[in-house]
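Hi there,

Here is the structure I promised to send over. My notes follow below it.

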Amino acid sequence: MSVSQNTTGLTRRTYERIVYAIVGTGIVGLFAGMLVGQQLAGTVVYLLGCWVGGSIAVLAPKLSDAPLQDERDNALHNRASGLTMGLTMMFGLTVIPALYVLDESGHVELTGTVWGAIWAASALFLLYGVSLGIVKHRR
Amino acid sequence: MKNDLPERRQEAGLSQSDLADAVGVTRQTINAIERDRYDPSLELAFALADHFDCRIEDVFAPDAD
């Protein structure tokens, strides 16, 4: 019985720490920039943190020989995504049509913020549908 | 699914990390399988059975309910 020890290279814990540290630095940089009046610099640090951290999060599992993510991570992610979409869809299907009718009938007046949220939710559903179609097509 | 992975692993003198490395998953996944908190894919179940040189049904059994 042979066991292939993977003692070299990136470990899962190191990978997670690196990603969290880079993204965390970006978030701290954004708030620090706001506090000292350097919003542009803070935003640049934040965007860099998100992009670099996000790139490592996506690419490292594909490039590393060590199992940084596996089928259980994917299963957990799928369940969390399904739960998020289910809750959002349930909320959207029950609340959005009611709000629309009440707004049209003059019972309530929806603010721009509410309309923005409705558009964002609609865009999310649309994106989910497109993503689902792509995934089905590629399987 | 119930399984006797802990017994087989300890009998072979392997840690969860050793077994995880051998079948290409994380230690957390082996731990979750052993605690009956995650049902492995068919591919992983085959890899585990192959590692212990037995059949899948020797390692895994469906829950009674």
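A pocket here is an open set of points on a 1 Å grid over the protein atoms alone, where a 1.4 Å probe fits, with protein on both sides within 12 Å along at least five of seven lines; its volume is the space filled by probe spheres set on points joined across faces, edges and corners. This is a predicted model, with local features needing pLDDT of at least 70 and side-chain atom pairs pLDDT 80 or more, while totals for chains, interfaces and linings use all residues. Residues are numbered from 1 along each chain, chains are lettered from A as written, and side-chain values use heavy atoms without hydrogens or water.

The second largest pocket holds about 320 Å³ of space. Lining residues (an atom within 4 Å of a point) are A:P61, A:K62, A:Q69, A:D73, A:N74, A:H77 and A:N78. Helix 3 of chain A gives the largest share of that lining, four residues (helices are DSSP runs of H or I, at least four residues, numbered from the N terminus).

In chain B, the axes of helix 2 (residues 16–23) and helix 3 (residues 27–34) come within 8 Å and cross at roughly 110° (lines fitted to C-alpha atoms over the stretch in contact, angles from 0 to 180 degrees between N-to-C directions). That makes helix 2 of chain B roughly perpendicular to helix 3 of chain B (65 to 115 degrees).

Between the chains, the contact (heavy atoms within 4.5 Å) takes 17 residues from chain B and 14 from chain A. Together they bury about 1300 Å², 54% of it on carbon and sulfur atoms (accessible area lost on being put together, 1.4 Å probe, summed over both).

Best wishes

Key: Helix = DSSP H or I, 4+ residues; strand = E, 2+ residues; numbered from the N terminus. Parallel < 35°, antiparallel > 145°, perpendicular 65-115°, else oblique. Buried area = accessible area lost by both parts, 1.4 Å probe.
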